[in-house]
Amino acid sequence: MKFVVSVPQTSLPLGDRQTAPVWGYGETVRGQLDPWAIGEALAPGWRFGWAGRDGIVRLALGAVLTVTAAGPDRFATVGAFAEKVWQQTAGWSPPLFGGFAFAPESTDPFPAAVWFVPRWLVQGQGEAWAIAAYGTHEPTVREDLQRLKQALSSRGEPSSPNRLHWAETDDRPWERAVASALQEIGQGKLQKIVLARALDVVAERAIDIGQVWGRLGARYPQCTRFAVRLGGETTFMGASPERLLALHPAEMGWEWHSDAVAGSRPRGQTPAEDREWGDRLLHSVKDRWEHDLVVQSIVGRLGVPVSDAPTPQLLKLHNVQHLYTPIRAIAPKLSPGETLQLLAQLHPTAAVGGEPRDLALQRLRQWEGIDRGWYGGPLGWLQANGEGCFVVGIRSGYVQGKQARLFAGAGIVAGSEAPTERAETAVKFAPLLEAIEGR
């Protein structure tokens with residue numbers, strides 16, 4: 001299944017400090033808004049939608065300035081881009097939006113890194129919203145703000161079901177990869193590796209991104225929703241329970257937050273059955289050990305003392321429950337470059353890669369047989385004051401027209417069995433599948 005995008009190359013010369021500044025103007029508005037429909041009206045080819053667990057929706061539309069990057073220096077390139085933008089901002093400072101592929105060499109279908117300054121921004125929740133326009137030509141920015149205000153009344157189509165047809169899937173390569181992983185785990189080379197699968201589906205009619213977005217929000221309010229379109233018809237979207245890094249000011253400095261999510265069981269059909277599944281997960285030696293690997297990988301790479309990393313608790317989502325440890329640290333404020341450097345240290349955690357990390361990544365390149373693209377990579381937003389949030393792009397897939405490619409992974413450790421792990425990936429496919437299908 002082939003997806004097509006068209007991403008412009010860097011439009012801000014990083015070495016030229018005489019570049020025109022970015023102007024920003026905004027205001028607050030009240031009323032019920034349909035952010036994705038506003039995007040359809042203003043910038044159908046370039047959108048970044050985000051709905052955090054705090055309920056705040058952020059919709060970045062169009063692109064004033066962009067940067068693309070690949071290879072081992074992609075995080076540093078984005079950090080330099082951010083610092084350059086905010087050195088030359090007049091008026092409302094623009095936030096930056098973007099993401100990274102799982103692998104530094106990935107090109108399918110998005111580049112390995114894309115970050116941008118939006119042309120328009122809609123941000124808020126309920127009936128309280130802030131809107132803004134940005135650009136390098138001040139009169140045009142004022143005109144764009146008026147265009148945005150005129151588009152605020154846009155509304156999407158009513159929700160309706162959409163039947164899916166599943167492509168034939170050959171699971172033998174994935175099962176061979178599981179067998180190879182278990183062999184190296186038994187030899188003491190690997191402790192854990194996360195093996196991903198891809199699932200291709202075709203709908204009877206074009207998939208409505210706005211409807212899928214709304215359904216994910218209704219069923220998975222504990223997750224962060226995202227929907228990213230970068231200059232074409234392909235959208236990368238999902239609902240991630242895994243926050244890789246969040247930064248915000250606190251009384252004693254700055255708080256850093258990261259989530260360890262690993263170890264899964266289904267939800268029960270009754271409250272009693274649900275409690276039983278949860279108790280099994282909490283007391284599973286295999287799952288607790290796998291989860292501890294993820295906690296250790298995050299804590300070890302944050303590089304600062306952790307003030308809070310409690311014992312695992314249960315994160316109960318609509319169709320699955322996970323072992324979950326929220327990790328918190330009090331640390332200094334970071335520059336944009338330092339924030340991106342910290343992201344590079346954290347990615348990928350043992351929740352989506354493996355341990356030891358370098359060997360696990362080498363084996364993924366040898367065994368998986370798919371380009372994950374942005375699946376499993378970090379994506380999010382960053383503000384000029386240092387605040388930002390980045391999630392791991394899981395429970396996700398690419399959508400274009402009637403087609404979709406979904407991704408799901410399973411952590412392989414000692415004691416894993418291929419049929420059980422395959423069933424776990426089916427559970428992880430379900431959120432986006434059901435949201436696309438409308439059931």
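The model is predicted, so local features require pLDDT of at least 70 and side-chain atom pairs count only at pLDDT 80 or more, whereas totals for chains, interfaces and linings use all residues. Residues are numbered from 1 along each chain as its sequence is written, and side-chain values use heavy atoms, without hydrogens or water.

Helix α7 comprises 18 residues, 285–302, and spans 26 Å from its first C-alpha to its last, close to the 26 Å expected at 1.5 Å a residue. Its buried residues (under 20% relative accessible area, 1.4 Å probe, protein chains only) include Glu290, Leu293, Val294, Ser297, Ile298 and Arg301. After α7 comes Gly303, with a positive phi near 80 degrees.

Two packed helices are described by the angle between their axes and the distance between the axes. The axes of α2 (residues 74–87) and α8 (residues 336–346) come within 8 Å and cross at roughly 160 degrees. This makes α2 roughly antiparallel to α8, a term for angles over 145 degrees. The α2–α8 crossing is right-handed. In contact (heavy atoms within 4.5 Å) are Phe75, Val78, Gly79, Ala82, Glu83 and Trp86 of α2 with Pro336, Gly337, Leu340, Leu343 and Ala344 of α8.

Helices α4 (residues 172–186) and α9 (residues 357–367) pack at about 150 degrees, with their axes 11 Å apart. That makes α4 roughly antiparallel to α9. Here Ala177, Ser180, Ala181 and Glu184 of α4 meet Leu359, Arg363 and Trp367 of α9. The crossing of α4 and α9 is right-handed.

Methods: Helix = DSSP H or I, 4+ residues; strand = E, 2+ residues; numbered from the N terminus. Expected span 1.5 Å × (residues − 1). Buried < 20%, exposed > 50% of the residue type's maximum accessible area, 1.4 Å probe, protein only. Axes fitted to C-alpha atoms, helices over the stretch in contact; angles between N-to-C directions. Parallel < 35°, antiparallel > 145°, perpendicular 65-115°, else oblique. Left-handed = near helix turned anticlockwise from the far one by under 90°.
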